[in-house]
Amino acid sequence: MKNIGDILALPGDGIGAEVVKEGLKVLDAVSKKHGFTYNLKNGLVGGAAYDATGNPLPPETLRMAKEAAAVLLGAVGGPKWEPLDYSVRPERALLGLRSELGLFANLRPARVFPELADASTLKREVVEGTDLLVVRELTGGIYFGKPKGITMLEDGTERGVNTLVYTTGEIERIAKVAFEIARKRGKKVASIDKANVLECTELWRRVVTKVHKDFQDVALSHMYVDNCAMQLIRNPKQFDVILTTNMFGDILSDEAAMLTGSIGMLPSASIGLKNGMYEPVHGSAPDIAGQGKANPLATILSVGMMLKYSFGLLAAAEAIDRAVSSALKKGYRTPDIMAPGCGAVGTAEMGDKVVENLG
Ligand code: NAD
């Protein structure tokens, strides 16, 4: 049986532990059905790590994350740690992991399961059939550019600065990720910029167009970010892969997420030069933590993304997607996606239902 390597589980805080448990349950079941093994490691991250070691990202966790073939993260943070200094807040661990692992590409699918089309705030006919993927640049752009900061002026007022910077190399590598993924999906990339106003994204458009020369089987279009924000609500089905900068991707992926109904359904992947980190989009949900109510499907779908993007196990990844669909089709619902006529299940039971429906 093929061993795919080390998988590091970092449950974190709040519902993180509850949903990661279900993700691992499904991973165990799918590995048996699809004939592979892995070495599961566990680590501390976020508030749980701070409580145990005084550091939300202990060196031991970082070492294990660097050595692992892939990381499955739950969520971090919660009211207990809010009074802490920013330098040791649980959320700092996420930034530390992303930068230390060089995770430059963030993939956030927004796929509307037909069974949940009515859970969206938009009309069923607008969202039904939506299956898009936002590829967001994650380690560059205005969130990292220098100079940055707030300075005091001579007249006693202040000046705030952030800098939007991208180099050719940074744009090339994220564009390649988007084109390669599009090749295996609907063969369309919409590159989102503000090239009419921002020189940095004029370069973005030029470099993306150049990289596209090696991907002529994929259709490339360019769109301004303001138009994209509008098109996502007007006609989301027009999109396959959306390629964009760090800040535009941050905003557009949250907008796209709302097409799907519940934050409890949204998986994500962050991939880099060596390994990848997979996590649900949601946070630690302190309001429902410990009650067995959290929807584990975002984490279970993140496990599917891990098998696809880190290990190339496409059949196993598709089996997870299908099992989630089947469980929804049979009417099993956690409270966040409850609908009339459906059966209420808790976190662990939803995990069991996905396992039962693995083909
Ligand atoms: P949140 O995502 O934790 O919760 C927002 C709302 O969505 C809550 O009502 C919650 O009950 C609900 N929700 C979230 N996930 C759900 C699930 N799987 N099933 C059912 N309902 C779900 O966001 P928040 O309340 O703004 O933040 C809570 C804490 O999480 C904060 O400390 C924040 O910093 C942290 N956070 C962490 C991450 C992360 O670890 N990646 C992301 C966002 C927020």
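Let's start at the ligand: of the 21 residues around it, Val 76, Glu 91, Gly 283, Ala 285 and Asp 287 come nearest. Keep in mind as you look that this is a predicted model. Sorted by class, the shell around the ligand holds 10 nonpolar, seven polar and four charged residues.

Now zoom in on the backbone beside the ligand's oxygen atoms. A backbone N or O atom of Gly 283 sits 2.7 Å from an oxygen atom of the ligand. For Ser 284, a polar backbone atom is 3.1 Å from a ligand oxygen, and for Ala 285 a backbone N or O atom lies 2.8 Å from an oxygen atom of the ligand. As for cover, the ligand taken alone exposes 810 Å², and the protein buries 68% of that.

From here, let's move on to helix H4, which spans residues 92-100. Which of its residues are buried? They are Ala 93, Leu 94, Gly 96 and Leu 97. Looking down the axis of H4, you will find these buried residues within an arc of 165°, so they line one face of the helix.

Finally, follow the chain past the end of H4 to Gly 102, where phi is positive, near 65°.

Methods:
Residues are numbered from 1 along each chain as its sequence is written. This is a predicted model: local features need pLDDT of at least 70, side-chain atom pairs count only at pLDDT 80 or more; totals for chains, interfaces and linings use all residues. Side-chain values use heavy atoms; hydrogens and water are left out. Buried means under 20% relative accessible area, exposed over 50%, partly exposed in between (1.4 Å probe, protein chains only). Helices (H or I, at least four residues) and strands (E, at least two) are DSSP runs, numbered from the N terminus. The arc is that of the directions from the helix axis to the C-beta atoms. A residue is near a molecule or strand if one of its heavy atoms lies within 4 Å of it. A polar contact is a pair of N or O atoms within 3.5 Å; within protein, one must be able to donate a hydrogen and the other to accept it, and residues adjacent in sequence count only if both atoms are side-chain atoms. Accessible areas come from the Shrake-Rupley method with a 1.4 Å probe; for residues, only the protein chains shown count as cover. Ala, Val, Leu, Ile, Met, Phe, Trp, Tyr, Cys and Pro count as nonpolar, Asp, Glu, Lys and Arg as charged, and the others, Gly among them, as polar.
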